[in-house]
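Me: I have a structure open and would like to go through it in short steps. Can we start with the overall picture and then look at some details?

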Amino acid sequence: MKTVLAIENVHKFFKVGFIPKKKEILKGVSFSVAESEIFGYLGPNGAGKTTTLKCILGLIFPDRGKIEIFGQPHLEPRAKERLGFLPENPYFYDYLTAREFLDFYAQLFRVKKDERKERVASLLNLVGMDRARDLQLRKFSRGMLQRIGLAQALVNEPSLVLLDEPLGGLDPLGRKEIRDIIIRLKAEGKTVFLCSHILQDIEMICDRVAIIVDGKILSQGPLTDLISEKILFTEITLSGLAAKDLAGLGESLSAHGGRTLIKVFHEEKIQEILDLVKNRNAKIHSLIPRTQTLEDLFVEMVKSQ
Amino acid sequence: MRKNVSLILILCLSCLLFMGLKLEIDKVSRQKIPGSSIIYIPSGKYLKMVTFGFSSLMADLVYIWAIQYFGNTTIPDKFDHFVHIFSIISELDPRYVDPYEVGALIALYDIKDVALSIKLLDMGFAKNPDLWIFPLEAGHYAQLYKKDFPLAREYYKKAMDIPGAPDITKRLYANAAFKVMDIKTAWETWLEVYETAKEERVKKIASNHLYNIKATVDIRGLRSVLEKYKAKYGRYPDKLSGIVAAGLLLFIPKDYDNKDYVYDPKTGDVKTAVIPWKR
Amino acid sequence: MTIKVIALNTFKEAVRDRILYLLLFFAALSILVSRILALLTVGDRAKIIKDVGLASISFFGALMAILIGTGLVYKEIEKRTIFTLISKPMRRHEFLLGKFFGLVLTLLVMLALMSVIFLALVFFHTFSVEWKMLLAILYIFIELILITAVAILFSSFSTPILSSLFSLCFYLIGHFSWSLETLIKKIPAGILKVMAQIVYTILPDLENFNFKAEVVHGLTIPPQVLLYSAAYGFLYTVFILSLAILVFRRRDFI
């Protein structure tokens, strides 16, 4: 598998405060992203996600370490030709209309005039902004800005797309749409690098992840490798049994409307409950085994620091 | 809306009150400290440094201010800094001609000091040696208001030598020379004017002057000889030719037009047959 | 090519800035007010109008260059619109130069407008179109180009208020440095004098572009002076822009 992005031992200090004190933000970050995968970059706020991203893009210069994009040093304009970037909380030239905005960026990539029109139109279509194409960006809602930002990131038909919190501030429908677009990008052979702290979405679409906490990569690898398939507990919703009957079998989480929700940690106890239900003619409404989620892993990692 | 009504009332009332108050304050006269309107004026050199490239505009503004200032009748000893103010304007924009000229006028009519007028024009000339207007006007001031013909003559000479000076400068110079009895220069200059004159009118003027000069010299000479005759013979001769007969003069000069002078044997006066300027 | 794209975009942005029109309004106002001022003078009325007109164009032009220039780069950094630009295959100097040329183009248009108003007013007074005024205005433009470069230099690392202050200082020093020459003459020969002379030659001398007085009085300016002044402007601008690019290149955009 071709490596599209490789980061090796990147360190970055910032001088903070009136009497400048050196603060290390990135403490030796290394990871790599392979072609045609969706890579998730997670971490709590302040961990260094955006800093890493800015190092990759040449907005910040690392003090130590190497970054390569498509096998070339990351600052080379040729490397940037195939890159697309959507920043967090994007701000754009608000006096431009959506169409002018995309046209401007297309010009920066030296896309020829006739081709530009077509591409701008298809991008607007892709992100669902056709209706707003002559509207000034200053009038856009947060969600609309996010979409037009995504369009801007794709204006040069990049091979590697870097997205910083692309799903932030969107409603559930918007999130679904963006997720679908990202999956489609992968299907087209593009690589997507995604910074986020909305773990549910990451879990849904990412192939591999890296977790950064306090400037250090704590773990990285395919999602399936990181999250064990082990069942942590089973949640059973039932009715017809009294609380005392369930004592000792598990943790009773809630009981109202005649229904009890119980969290069972031991496998044998599940069978016991099922027997009890059958014997007493009670009713099971649901039985859901819960495996480790990314959130669980994440919280564990952060807490261990 | 109700809230705002009282506020608007207060607004209008206070406005009217302070407007009226202003009119009252203006009426009260405050004792003027002599020269108080100019607390301290820096010299032009230093002022130029803080104009940041707008020195000629500054010159205009100081000039406009100066005109108002010197026109203001209520300020005592306003002329104390007269030269200083005009020298500031000169430093800021040495080529600005109006201030020198108008300053000279103010010096003449308001300060009644012709020497000051000429001083200002000298300042202008020092900064602009190519402008003939300054010595020409200085000559005028010297001649008309000081009746100082030697001085006027000097200035006319300076003006005359500058290329582009009007023809009249030469004539004024010649005239001034005559007035100081520098006959030779006067004669030569008038001759020059006559020969180089492009207009008939100027030629006529020149020849009138030449006539006048000859007449003056001739008459002076004749008069002194006539006095000698009287001293010798106790009376004036009956005819002018008498002095030739007496051997006191070789010949009787004719005037510039080759006509005779008019002689009055009773008084010994010699006059020209025509008035030089009405030939 | 990239520079041209950024420049045109900057031009569009600057032209929408209301400050520009406010300053244009004041410039036009002062040019027309000079008409009234001229009534107070004794003698040549046209001189006052020309002096005020040229001074207005120079002053308000400088204000435009400083007020808009100091916001140009800073706004992009503050609003983070710069992130999407720098991450494109664009060299950092192309961004700066694009901003620079965009503003210069804007100033050219503004200056042209002010010149038209000015020449029209002069025409009403002297009944001739005084094309010579354009020579002074041309060199005012060269001065403005230099001031723009300085504004952009400061804009790339400082807040608009501080940048404006620094740019203003540059302007004041530029119009003051000529007087240091007389001061230096008084220093006895020695190392202090040499150092002072070096400082004197390195400080900007914006008086080199000041032909307002000569043009108003109709004096001829030796072509050598014109040529040297233009070259001085060009070289100093190159110097300032290089400085700006140097600072901008190694800058972290946090």
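This is a predicted model: local features need pLDDT of at least 70, side-chain atom pairs count only at pLDDT 80 or more; totals for chains, interfaces and linings use all residues.

Me: What does the C-alpha trace of chain A span along its principal axes?
Reply: The span is about 75 × 50 × 45 Å.

Me: And how much of chain A is buried?
Reply: Of its 305 residues, 38% are buried. As for contacts in chain A with a separation of 6 or more, 69% are between residues 24 or more positions apart.

Me: Switching to chain C. What is its secondary structure?
Reply: Chain C has 11 helices and 0 strands. Along the sequence, the pattern is therefore α repeated, written α-α-α-α-α-α-α-α-α-α-α, and the radius of gyration of chain C is 20 Å, close to the 18 Å from the globule rule for 254 residues, so this chain is as compact as a globular protein of that length.

Me: What are the spans for chain C?
Reply: Its C-alpha trace covers about 60 × 55 × 30 Å along the principal axes. Buried residues come to 43% of the 254 in chain C. Among its contacts between residues at least 6 apart in sequence, 80% join residues at least 24 apart.

Me: Pick one helix of chain C. How many residues does α5 have?
Reply: Helix α5 of chain C covers residues 92–126, which is 35 residues. From first C-alpha to last it reaches 50 Å, close to the 51 Å expected at 1.5 Å a residue.

Me: What comes just after α5(C)?
Reply: C:F127 does, and that residue takes a positive phi of about 55 degrees.

Me: Back to chain A. In what order do the strands of the open sheet come?
Reply: The order is β12-β13-β11-β14, with antiparallel pairing of these 4 strands. At the edges are β12 (251–256) and β14 (283–291) of chain A, each of which pairs on one side only. From one strand to the next, the twist averages 15 degrees.

Me: What holds paired strands together in general?
Reply: Strands of a sheet pair through backbone hydrogen bonds, either parallel or antiparallel.

Me: How many bridges join β12(A) to β13?
Reply: There are 5 bridges between β12(A) and β13 (residues 259–264) of chain A, and the two run antiparallel. A:E251 is opposite A:K263 in β13(A), and A:H256 is opposite A:R259 in β13(A).

Me: What about the turn of that hairpin?
Reply: The hairpin has 2 residues between β12(A) and β13(A), and A:G257 takes a positive phi near 65 degrees.

Me: Last topic. How many residues of chain C are in contact with chain B?
Reply: 23 residues of chain C are in contact with 14 residues of chain B. On the chain C side, the elements that give two or more residues are α3 (45–78), α7 (160–176) and α10 (212–217).

Me: Which element gives the most?
Reply: α3(C) does, with 6 residues. By class, the side of chain C that touches chain B has 11 nonpolar, 7 polar and 5 charged residues.

Technical notes. Residues are numbered from 1 along each chain as its sequence is written. Chains are lettered from A and ligands numbered from 1 in the order in which they are written. Two residues are in contact if their C-beta atoms, placed from the backbone, lie within 7 Å. Ala, Val, Leu, Ile, Met, Phe, Trp, Tyr, Cys and Pro count as nonpolar, Asp, Glu, Lys and Arg as charged, and the others, Gly among them, as polar. The expected span of a helix is 1.5 Å times one less than its number of residues. Two strands pair if DSSP finds at least two bridges between them. Axes are lines fitted to C-alpha atoms, for helices over the stretch in contact, and angles run from 0 to 180 degrees between N-to-C directions. A residue is buried if 20 or more other C-beta atoms lie within 10 Å of its own, exposed if 12 or fewer, and partly exposed in between; C-beta atoms are placed from the backbone. The radius of gyration is taken over C-alpha atoms; the globule rule is 2.2 Å times the number of residues to the power 0.38.
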